[in-house]
Amino acid sequence: MTEEVTTTDDIYGGPTKRFFVSMLTRDIELADAILDLVDNCVDGAMRQRRGHLEEDAPYQGYHAHLTLNEKEFKITDNCGGIPDDFIEDAFSLGRPNIKKDGDLPTIGMYGIGMKRAIFKIGEEASVNSNSADGNFQVVYTSKWLDPDNPDWDLPIRKAAPSDGTQGVEISIPALKSHIAASFANDAFQSDIRRILAEHFGYIIQKGFQVRVNGDILKPKTLPLLVAKEAEGESIRAFDYEGEICGVGIKVTVGFFRGLATEADIDRELEGTNVHETAGISVVCNDRVILLNDRTMKTGWGDGGVPKYHSQFRSIAGLIIFKSNEADALPLSTTKNAVDTSSEVYYTARKHCMTGIKTFTDFTNKWKGMENEATPYFRIAEKTDVKTKVSLARALGAKVRGEENSVKFTPALPMPANKNPKRRISFVRTKDEVEAVSSHIFGEPDQEPRIVGEECFIRLLKEAKDER
Amino acid sequence: MSANIPYQLRPNKHVDRQLFISCLSAILPNLGLEKYCYISMGGRHLVDHKVIYKSLGISALYSFDADAEIVRRQNFNSPIDTTLCIAHHSSELASKLDDILNYFTPKQNAVIWLDYTDPHARLGQLLEAVDVMKRMQPGDVLRITLNANEGSLVKSTAEWKEEGYESPSQFRAVKYVESIGDFAPIGLERIKDGELPKVLNKSLQIAISRARMENKSVDLCPVLITEYRDGQRMYTATLLALDPRKGNDQLRQKLTQMGVNIGSWDKLISVVAPDFSQKEKYRIDSILSKETQEIIDALEFLPEASAQKSEVAIKSYKELHRFYPTYHQVDL
């Protein structure tokens, strides 16, 4: 009997340069890569302000200045620089030590974000840092960034701390061609300002400054309509505050504008709406992770909550998470998405659904009577959710199964329904509508809604007269 | 629609409800009867609320209906003046649960009955039930009634042939899967005559699994599963929320001793209230301990159309006669 011949050998199971510099960057949008870089600036500011983060404007005096044009990308901050014991994590491509900041609510100090952004944007780059520990420079040459170059070593030039600003400057003087084209595009320039203002709105609100090509960005935060000193039924927000697994949660949902009328909905269906604020945003340690979501992720279309529809375009809300333990937050590893399977997120989503449901029910009950609900909206004032809405703490009731959680569900006004209203809706060809419009009004171009309504009014009068 | 048939003409529904009350009578005193409030749709006459109040003494009663006119009638018929009757849709219940419990402070637990009748809205009904399950806490009881009428899956007897299926059972299965989405049992290929309650039983288990993904604070254990005909065939399941962090062996043992089938999804009780005259009932009662066939022989007639159906009727009577209604004409 012959013995079967077997051989043993090793194959390479490690990472390749191509994977990191070429493949990994495909998973992230350009705007998200830039957000990652600003995240690092904010984390630095947080570390500098340790012990003062509960103040009203803890980041006053700290900034991230971005320059982006068809020739270069640069981000400069004054947020303390990269400390000595963070350098290795900042430049290695392994798993970052996200616990290094311990008692600070950062969301992943110098994880994959900085490297991925550099690889995404440029063909060469330099990182200069000046911190209390010292001064250093790391240069990514085009040779190092070559996907076929197996060399992983990065030379670092260290020096004693200098007297200048303590911070980081990432400079990318050679852009990838498609990135240069994006930076030269006016629409991208406009979008990146809006995206930064939205994602860092709550950080900017706390004093942080973000400049893009010299323009200081104004924060975009969510104000909801809240009636002051409300007696009985009025427009106020749903508000929940609690703590699950060491993570502080605040969920606030409400109306940011009056109810959408049929004409508003028609305009939206025709695609003429402006940038939409409706939906639920998720904020982790002051960073917006998910913006204006209208999907199952935040509870739309699940359980008793209806799917998002144009008629609900007045509803918006925030789910806010806060924790000093970055890994306790319901964040996916890319930082740009929520981990919807975590217990913390389930709890927040459940309360968010209660909030959404409160306002979709209100919208449905006033359907066809939107104008009659207007007086209630007029006496409500736009109130910043994150800094000014504290209805749960002030007026909330306890939540079953959750110690220390409180919830406020507003008593919203309901239409008097002794003679409930019914919507009549139908579709006819343009020619027919114009013919009826000419017949009634002497002109063919009256709004179809008015034509239909007038037909009904006239027939109703006939019907009553016949009785 | 069965919902419009007066209760006094719905003996099976009556028996089913009595079984539910009997089950609650075994469970709630072990968990603290004083902690509970009762929440259900209630209908026009609040029959359930009256029975719950009279049988168990629960005075924290909440009813709801989407129709404000029915709610006004509920207010008129409420067994006690503390009953809270509110106009809202069943889909709003889950989001209001905390507020309802807070209204009835210091009540901490709820017995909730979602009594659905519409056979064409099962998916929405299960989604609503999941939403409620996500908010349940240890000690809560949830009862759900679903329409199990197989006719709702087939419009006409010829329909399955016209659409090219091998059999009505195969057609029903396809229609069920189409209508119930992710709640369809895996591998469902046929629904034979009388099998829809068993299929709904499986779909409900899937619903519980979905809720469990988001609410790990409870294990939802079946304590009573029934099917009955009430104009149409109906399916009900009653679930008790247990705390998975606690050892519940003692409670389980106690409830089992009291005749509660805790944790068993297979024990589906078929509620059949045979049409026996008072004289027939007295005769059967006098020989109740005898074998089924002996009782049929003693009656000297077949109480149902066939020997097999008669046997089922007598067996059901033996098991459920305690809960049968006794009707008398009352002149007021």
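Tutor: Contact here means heavy atoms within 4.5 Å. This is a predicted model, in which local features need pLDDT of at least 70 and side-chain atom pairs count only at pLDDT 80 or more, while totals for chains, interfaces and linings use all residues. Residues are numbered from 1 along each chain as its sequence is written, chains are lettered from A and ligands numbered from 1 in the order in which they are written, and side-chain values use heavy atoms, with hydrogens and water left out.

Student: How many residues does the contact take from chain B and from chain A?

Tutor: Chain B gives 24 residues and chain A gives 19 residues. The area buried between them (accessible area, 1.4 Å probe, lost on being put together and summed over both) is about 2,000 Å², with 42% from carbon and sulfur atoms. Asp98(B), Arg135(B) and Glu214(B) supply 26% of what chain B buries against chain A, more than any other three residues.

Student: And how many salt bridges across the interface?

Tutor: The rule, a side-chain nitrogen of Lys or Arg within 4 Å of a carboxyl oxygen of Asp or Glu, finds 5. One of them joins Lys365(A) to Glu92(B), with the closest N and O atoms 3.3 Å apart.

Student: Switching to the sheet, what is the strand order in chain B?

Tutor: Strands are DSSP runs of E, at least two residues, numbered from the N terminus, and two of them pair if DSSP finds at least two bridges between them. The open sheet of 8 strands runs β3-β2-β1-β4-β5-β7-β6-β8 in chain B, with mixed pairing. β3 (84–87) and β8 (268–271) of chain B are at the edges with a single partner strand each, so one side of each has no neighbour in the sheet.

Key
Helices (H or I, at least four residues) and strands (E, at least two) are DSSP runs, numbered from the N terminus. Buried area is the accessible area (1.4 Å probe) that two parts lose on being put together, summed over both.
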